[in-house]
Amino acid sequence: MTIINFTPVSALLGGALIGLAAAFLLLAQGRIAGISGIAGGIIYPEEKDSMSWRLVFVLGLILGGFIYQWSGLGVGVKHIQAVADMPLLIIGGLLVGIGTQIGTGCTSGHGICGLARRSPRSLIATLCFMGSAIMTVYIVRHLVGAV
């Protein structure tokens, strides 16, 4: 298996920016940077005051990809392209959404913020995320042969 598009500088920069954003949100709002919780708070708002920072955070996530592309840092990197049919993508998205509700959080909340706080619950959740991802890739690529 060959590694395509190995970009250590942009990966390091991206990881540092994710860490800074998570730390800033914790310091500024006292909130964990779990994307499912932030997006869920937009769809099902609990507090009136929390809507603005949530919208800014999600907008920053969306604009970040465009800024990366426009900055020229992504020169020579292939664009991300979905290789699955739309129904399969929708089913996958719904399963991820259900999983974030069952696991009371997502990979960013548990894997980045929870592990940084040494949360045992986040460690278990992250191991479950990674284990199911590894099994899914193995099943789809080697047993089913879909991709």
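The following legends describe close-up views of a predicted model.

Residues are numbered from 1 along each chain as its sequence is written, and side-chain values use heavy atoms, with hydrogens and water left out. Because the model is predicted, local features need pLDDT of at least 70 and side-chain atom pairs count only at pLDDT 80 or more, whereas totals for chains, interfaces and linings use all residues.

**View 1. Packing of helix H2 (residues 35-43) against helix H3 (residues 51-71).** The two axes come within 9 Å and cross at roughly 125°; axes are lines fitted to C-alpha atoms, for helices over the stretch in contact, with angles running from 0 to 180 degrees between N-to-C directions. Helices (H or I, at least four residues) are DSSP runs numbered from the N terminus. H2 and H3 are therefore oblique to each other, the class left for angles that are not under 35 degrees (roughly parallel), over 145 (roughly antiparallel) or 65 to 115 (roughly perpendicular). Ile35, Gly37, Ile38, Gly41 and Ile42 of H2 meet Met51, Trp53, Arg54, Leu55, Phe57, Val58 and Leu61 of H3, contact meaning heavy atoms within 4.5 Å. These residues comprise nine nonpolar, two polar and one charged; Ala, Val, Leu, Ile, Met, Phe, Trp, Tyr, Cys and Pro count as nonpolar, Asp, Glu, Lys and Arg as charged, and the others, Gly among them, as polar.

**View 2. The largest nonpolar core.** Seven residues form this core: Ala22, Leu25, Ala33, Ile38, Trp53, Phe57 and Cys113. Such a core is a set of buried Ala, Val, Leu, Ile, Met, Phe, Trp, Tyr and Cys residues joined through side-chain atoms within 4.5 Å, where buried means under 20% relative accessible area, exposed over 50% and partly exposed in between (1.4 Å probe, protein chains only). Helix H1 (8-29) and H3 each supply at least two of its residues. Not counting residues up to four places away in sequence, Phe57 touches Leu25, Ala33, Ile35 and Ile38.

View 3. Leu26 is partly exposed, with a relative accessible area of 41%. Beyond residues up to four places away in sequence, Leu26 touches Arg31 and Ile32. Its C-alpha atom is separated by 9.4 Å from that of Cys113, 87 residues apart along the chain.

**View 4. Arg118 in the loop between helix H5 (107-116) and helix H6 (120-144).** Arg118 has a phi near 60°, a positive value in a residue other than glycine. This residue is exposed, with a relative accessible area of 76%. The flanking helices H5 and H6 pack at an angle of about 130°, with their axes 9 Å apart.
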